[in-house]
Amino acid sequence: MLKSFQSVLGNAKNIVVLTGAGTSAESGIPTFRGAGGLWRECEATALATPEAFVENPSLVWEFYHWRREVVSKSKPNKAHYALAALEKRCQQEGKRLTLITQNIDRLHQAAGSQSIIELHGSLWDVCYPDRRGHRSLKKKPWEDRRQPLVPALQGKGAPDVTHHADIPVEDLPSHNGCLLRPGVVWFGEGLDEEVLASAHSALVSCDLFITIGTSSVVYPAAGFAAKVARRGVPTAEVNLDTSGATDICQYVFQGKAGEILPELFGVDV
């Protein structure tokens with residue numbers, strides 16, 4: 001299977017790679033799935049909603065401040081570097097590699113990848129909320145890597161404490177007197193239309209699709225493999241466990257992406 005895949009990879013001219021939380025888990029970043037889905041006593045996914053932000057912006061900002069702290073201390077792993085090396089090789093050979101990621105940590109950029117579509121935004125972005133806590137359409141999210149974003153968040157967000165900080169709203173991140181929220185896409189929110197259009201354009205023109213480290217349960221990304229496979233395009237999966245895309249993919253490699261990708265792509269990292 002390895003040699004067959006490498007032959008397909010060598011002949012491909014327009015490659016699309018989809019990465020999920022499993023890729024960054026090897027850098028020590030929590031996936032918030034299964035047994036690891038709690039922060040303090042809260043379901044992490046329940047905090048990633050506009051409703052949670054409206055109800056308790058202090059709690060949500062504590063959670064995201066802690067996540068930013070974790071990512072700030074994390075480094076890209078061999079999977080990130082293997083993808084960056086493959087993209088560089090593609091550029092040298094006049095080919096194209098588009099990396100679509102569900103991850104919000106920007107470790108792909110830190111590893112050197114350039115052609116990246118961030119489906120869910122970034123942990124490092126902030127934006128204005130509307131009255132319902134959704135991302136405001138008036139201004140796109142922008143990056144702000146200050147850590148902490150405001151003095152009131154210093155030392156806050158630890159997952160092993162029993163009480164919340166209850167920071168006053170006026171002391172939370174703001175801009176021009178307006179409260180800010182994390183610039184990621186939350187549950188219950190639609191993806192940015194431009195981002196979706198870019199992903200669609202890449203998918204309809206690719207001649208090889210590779211999914212890495214994703215459970216393939218969160219749409220629309222969960223449907224990408226099937227969408228491409230219907231065109232008869234070769235599809236491959238690299239994952240620790242079986243996923244919603246496993247039966248669709250003709251090449252399946254089970255294990256850690258950081259261990260598999262360098263050999264799979266034939267790159268040194």
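Helices and strands here are DSSP runs, numbered from the N terminus. The model in these views is predicted.

**View 1. R106 sits in the loop between β4 and α7.**
R106 is found in the loop that links β4 to α7 (107–111). Its phi is positive, about 60°, even though R106 is not a glycine. Is R106 buried or exposed? With a relative accessibility of 14%, R106 comes in under the 20% cut-off, so R106 counts as buried.

**View 2. D166 is another residue with a positive phi, this time between β7 and β8.**
Look for D166 in the loop between β7 and β8. Phi of D166 is near 50°, which is positive, and D166 is a residue other than glycine. D166 counts as exposed because its relative accessibility is 55%, and the cut-off for exposed is over 50%.

At 15% relative accessibility, D144 counts as buried. Setting aside neighbours within four places in sequence, D144 is in contact with R68, W124, V126 and L149. As for P148, a cis peptide bond joins it to Q147, with omega at about 5°.

P220 belongs to the loop between β11 (208–212) and α9 (224–229).

**View 3. Helix α6 runs from residue 78 to residue 92.**
How far does α6 reach from its first C-alpha to its last? The 15 residues of α6 span 21 Å, close to the 21 Å expected at 1.5 Å a residue. A79 is itself buried, and so are H80, A82, L83, A84, L86, E87 and C90. While you trace those residues, keep in mind that an α-helix has 3.6 residues a turn, so residues three or four places apart point the same way. After α6 comes G94, with a positive phi near 75°.

**View 4. R96 lies in strand β4.**
Strand β4 covers residues 96–101, and R96 is part of it. Leaving out neighbours within four places in sequence, R96 is in contact with K13, N14, I15 and C90. C90 is one of the buried residues of α6. For a sense of scale, the C-alpha atoms of R96 and P262 are 18 Å apart, while 166 residues separate the two along the chain.

**View 5. Helices α1 and α10 pack against each other.**
Helix α1 (residues 2–11) meets helix α10 (residues 257–265) at an angle of about 60°, and their axes are 9 Å apart. Which residues make the contact? From α1 they are L2, F5, Q6 and L9, and from α10 they are E263, L264 and F265. Sorted by type, the residues of this contact are five nonpolar, one polar and one charged.

**View 6. The largest nonpolar core has 31 residues.**
W61, F63, Y64 and W186 have the most contacts inside this core. Helices α3 (44–47), α4 (50–55) and α5 (57–72) each supply at least two of its residues. Which helix gives the largest share? That is α5, with eight residues. Now zoom in on Y64: not counting residues up to four places away in sequence, Y64 touches L47, A48, L123, P182, V184 and W186. A second, separate core has 25 residues, among them I15, L208, A257 and L261.

**View 7. T49 is in the loop between α3 and α4.**
T49 is found where a loop joins α3 and α4. Its relative accessibility is 14%, so T49 counts as buried. The T49 side chain reaches the backbone oxygen of A46 at 3.4 Å. A polar atom of that side chain also lies 3.0 Å from the backbone nitrogen of A52. Neighbours within four places in sequence aside, T49 is in contact with W186 and F187. You've already met W186 among the residues with the most contacts inside the largest nonpolar core.

Definitions and conventions: Residues are numbered from 1 along each chain as its sequence is written. This is a predicted model: local features need pLDDT of at least 70, side-chain atom pairs count only at pLDDT 80 or more; totals for chains, interfaces and linings use all residues. Side-chain values use heavy atoms; hydrogens and water are left out. Helices (H or I, at least four residues) and strands (E, at least two) are DSSP runs, numbered from the N terminus. The expected span of a helix is 1.5 Å times one less than its number of residues. Buried means under 20% relative accessible area, exposed over 50%, partly exposed in between (1.4 Å probe, protein chains only). Contact means heavy atoms within 4.5 Å. Axes are lines fitted to C-alpha atoms, for helices over the stretch in contact, and angles run from 0 to 180 degrees between N-to-C directions. Ala, Val, Leu, Ile, Met, Phe, Trp, Tyr, Cys and Pro count as nonpolar, Asp, Glu, Lys and Arg as charged, and the others, Gly among them, as polar. A nonpolar core is a set of buried Ala, Val, Leu, Ile, Met, Phe, Trp, Tyr and Cys residues joined through side-chain atoms within 4.5 Å. A polar contact is a pair of N or O atoms within 3.5 Å; within protein, one must be able to donate a hydrogen and the other to accept it, and residues adjacent in sequence count only if both atoms are side-chain atoms.
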